[in-house]
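Visitor: I would like to go through this model step by step. Please show it first.

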Amino acid sequence: QVQLVESGGGLVQPGGSLRLSCAASGSIHSINTVGWYRQAPGKQRELVADITGAGRPNYVDSVKGRFTISRDNPKNTVLLQMNSLKPEDTAVYYCKANVVSYYRMYEYPYWGQGTQVIVSS
């Protein structure tokens with residue numbers, strides 16, 4: 001099986017920075033697109049940024065120029081560097097990875113448990 005573990009959330013003041021990490025472990029053959037999603041209270045979960053297996057990033061307009069997604073393939077890790085944080089970035093952030101495992105030799109989506117980000121003065 002495959003597990004995703006997010007870390008790096010916390011409380012930060014407006015204008016501050018956080019770096020989220022999503023680490024995959026288990027019976028992994030390959031990892032394709034990995035995305036960071038967030039869900040604020042009372043709102044639907046939304047895609048924030050994703051990165052393809054080839055390393056091509058994609059961002060929602062509201063975070064362009066402030067967030068950077070990157071991946072370290074040997075470590076099966078994807079990072080989300082968040083700068084110039086705003087109160088509206090407050091949410092639980094989830095990592096989703098499309099993984100081909102040795103358990104299932106086809107692509108399957110796995111989710112992490114989420115990490116809380118609070119931007120407040």
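Visitor: In which sense do strand S2 and S11 pair, parallel or antiparallel?
Guide: This is a predicted model. Strand S2 covers residues 10-12 and pairs with S11 over 3 bridges. In S11, Ile 118 is the bridge partner of Leu 11. The sense of the pairing between S2 and S11 is parallel.

Visitor: Which residue in S11 is the bridge partner of Tyr 93?
Guide: S9 and S11 pair over 3 bridges, in the antiparallel sense. Within S11, the bridge partner of Tyr 93 is Thr 115.

Visitor: Which side chains of S11 point to one face and are buried?
Guide: Side chains alternate along S11.

Visitor: How many residues apart in sequence are the parts that the pair Cys 22 and Cys 95 ties together?
Guide: A disulfide joins Cys 22 to Cys 95, with an S to S distance of 2.0 Å. Because Cys 22 lies in strand S3 and Cys 95 in strand S9, the pair ties together parts whose separation in sequence is 73 residues.

Visitor: What is the handedness of the disulfide of Cys 22 and Cys 95?
Guide: Both Cys 22 and Cys 95 are buried. The torsion about their S-S bond is about -70°, so the disulfide is left-handed.

Key:
Residues numbered from 1 in each chain as written. Predicted model: local features only at pLDDT ≥ 70, side-chain atom pairs only at ≥ 80, totals over all residues. Heavy atoms only, no water. Buried < 20%, exposed > 50% of the residue type's maximum accessible area, 1.4 Å probe, protein only. Helix = DSSP H or I, 4+ residues; strand = E, 2+ residues; numbered from the N terminus. Pairing = 2+ DSSP bridges. Disulfide = S-S within 2.5 Å.
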